[in-house]
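Here is a short briefing on one protein chain. Please look over the sequence and the model before reading on.

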Amino acid sequence: MAGMRVTVVGCSGSFPGPESPSSCYLLEAEGFRLVIDLGNGSLGALQRYAPLFGIDAICISHLHADHCVDLGSYWVARQYTSDGPRPPIPVHSPRGTAERVTGFGGEDLASVRARFAFRDLAPGVLEIGPFLLTTDHMNHPVETFGFRVEHAGWRLAYSADTGETDALVRLAAGADLLLCEASFADGPDNKPNLHLSGRQAAQHAERAGVGRLVLTHLVPWNDRERTLSEASAVYRGPLSLASSGLVLGPGAPGS
Ligand SMILES: [Zn+2]
């Protein structure tokens with residue numbers, strides 16, 4: 001049985017860049033497709049890797065637009081497709097997502113709920129298709145969840161957006177791969193409790209003992225090579241930068 005396949009659909013931080021949409025990751029195993037985050041522009045790129053209506057479930061880490069605004073686009077697609085509205089699919093997300101998506105262009109709350117079956121996230125463990133998810137709160141100005149996703153003994157951790165937090169170290173403990181945000185260039189003036197620098201991402205990866213670190217949520221105005229070198233001074237394992245279209249995990253070609 002092929003293992004989990006993780007496709008980075010979008011890895012641009014805070015807003016889309018010329019090379020990537022905002023945050024979006026496609027996780028596939030056993031024919032099941034789970035999308036984590038649907039940031040600006042990601043619904044377009046997602047269609048390179050999955051049929052528009054081939055998504056089985058969605059997880060949203062938090063309600064900042066660069067992680068969820070394309071739920072509004074996906075509502076339009078599911079509502080107005082030429083062969084009739086599509087049945088609701090599960091959306092695991094913070095409380096208030098239905099209202100947020102209605103604000104993104106849904107006709108009204110009832111019409112949004114008709115296309116998406118919202119399930120409020122809480123710290124803990126849940127099964128979604130073949131995946132076992134563990135979620136916990138991250139350190140960000142709005143309610144934000146990080147995820148640990150396990151399938152067939154392989155473990156992915158995703159930081160979502162976060163400042164420094166032990167919760168991320170716990171979620172990522174022993175993970176085969178950590179997708180960790182690195183929004184900031186390292187420096188003394190970075191706001192606390194908001195985002196991580198490459199160096200801080202690497203510190204979390206070291207403490208968690210992860211097998212591989214991929215830096216993501218890369219903000220277009222930052223110098224990527226600087227972010228990478230800040231991280232490489234701290235994290236000694238395999239380290240790279242995310243890019244749109246990157247395929248990872250035991251189900252990736254050639255792995
Ligand atoms: Zn955010």
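A residue is called buried when its relative accessible area is under 20%, and exposed when that area is over 50%. H195 has a relative accessible area of 12%, so H195 counts as buried. The model is predicted. The points below start with the whole chain, then turn to two residues.

**Overall fold**
- The chain's secondary structure consists of eight helices and 14 strands.
- A compact globule of 255 residues would have a radius of gyration near 18 Å; the chain has 17 Å and therefore agrees with that expectation.
- Along the principal axes, the C-alpha atoms fill a box of roughly 55 × 45 × 35 Å.
- Of the contacts between residues at least 6 apart in sequence, 60% join residues at least 24 apart.

**Burial, surface and charge**
- Of the 255 residues in the chain, 55% are buried.
- The chain carries 20 positive and 27 negative side chains. The centres of these two sets lie 2 Å apart.

- H195 sits in the loop between strand 11 (177-181) and helix 7 (198-208).
- Which side chains make polar contacts with the side chain of H195? One is the side chain of E181, at 2.7 Å. Another is the side chain of S183, at 3.1 Å.
- Not counting residues up to four places away in sequence, H195 also touches residues from other parts of the chain, among them S14, H140, D161, T162 and G163.
- F184, Q200 and H217 are on that contact list too, as are E181 and S183.

**G72: a buried helix residue**
- G72 belongs to helix 3, which spans residues 70-80.
- Is G72 buried or exposed? Its relative accessibility is 5%, so G72 counts as buried.
- With neighbours within four places in sequence left aside, G72 is in contact with V101 and F104.
- G72 and V112 are 40 residues apart in sequence. Their C-alpha atoms are 8.9 Å apart in space.

**The two residues together**
- G72 lies in a helix, whereas H195 lies in a loop.
- G72 is buried at 5% relative accessibility, and H195 is buried at 12%.

Technical notes: Residues are numbered from 1 along each chain as its sequence is written. This is a predicted model: local features need pLDDT of at least 70, side-chain atom pairs count only at pLDDT 80 or more; totals for chains, interfaces and linings use all residues. Side-chain values use heavy atoms; hydrogens and water are left out. Helices (H or I, at least four residues) and strands (E, at least two) are DSSP runs, numbered from the N terminus. The radius of gyration is taken over C-alpha atoms; the globule rule is 2.2 Å times the number of residues to the power 0.38. Buried means under 20% relative accessible area, exposed over 50%, partly exposed in between (1.4 Å probe, protein chains only). Contact means heavy atoms within 4.5 Å. Lys and Arg count as positive and Asp and Glu as negative; His and the chain ends are not counted. The place of a charge is taken as NZ of Lys, CZ of Arg, CG of Asp or CD of Glu. A polar contact is a pair of N or O atoms within 3.5 Å; within protein, one must be able to donate a hydrogen and the other to accept it, and residues adjacent in sequence count only if both atoms are side-chain atoms.
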